[in-house]
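Here are a few notes for a first look. Please read them with the structure open.

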Amino acid sequence: MPTYEFRCRKCRHEFSAKSSMKDKVNIVCPTCGGKELEELFGNYRFHVGGKATADKAMPPGCRECPASAPT
Ligand SMILES: [Zn+2]
């Protein structure tokens with residue numbers, strides 16, 4: 001089962017959780033119980049025979065951008 005990295009939009013707590021794709025919707029922040037989570041891909045790397053395919057694995061959108069702070 002894969003491990004996903006999340007960051008809570010409420011308290012900014014970062015944590016990892018093992019979950020199937022289907023059950024990701026049921027994950028909540030272990031600190032505040034918030035359900036508004038951002039999925040982090042910072043630790044997610046593809047190693048494919050040394051070829052430069054990492055760019056293709058990047059998700060759309062700017063997840064590192066500080067401008068995407070909660071309203
Ligand atoms: Zn939280």
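1. Start at the hairpin of β1 and β2. Five residues lie between its strands, and arginine 12 takes a positive phi near 65° there. Keep in mind that this is a predicted model.

2. Next, look at how the hairpin strands pair. β1 and β2 run antiparallel, joined over five bridges. Tyrosine 4 has its bridge partner in β2, and that partner is alanine 17.

3. β1 also pairs with β3. The sense is again antiparallel, over four bridges. Here arginine 7 is bridged to glutamate 38 of β3.

4. Now follow the side chains of β1, residues 3-8. In a regular strand, side chains alternate between the two faces of the sheet. In β1, Tyr4, Phe6 and Cys8 point to one face and are buried.

5. Where does valine 28 sit? The residue is in the loop between β2 (14-18) and β3 (37-40). Beyond its neighbours within four places in sequence, valine 28 contacts Gly33, Gly34 and Lys35.

6. Why does valine 28 count as partly exposed? Because it has 14 C-beta neighbours inside 10 Å, and a buried residue would need 20 or more, an exposed one 12 or fewer.

7. Valine 28 and cysteine 8 are 20 residues apart along the chain, and their C-alpha atoms are separated by 8.3 Å.

Conventions. Residues are numbered from 1 along each chain as its sequence is written. This is a predicted model: local features need pLDDT of at least 70, side-chain atom pairs count only at pLDDT 80 or more; totals for chains, interfaces and linings use all residues. Helices (H or I, at least four residues) and strands (E, at least two) are DSSP runs, numbered from the N terminus. Two residues are in contact if their C-beta atoms, placed from the backbone, lie within 7 Å. Two strands pair if DSSP finds at least two bridges between them.
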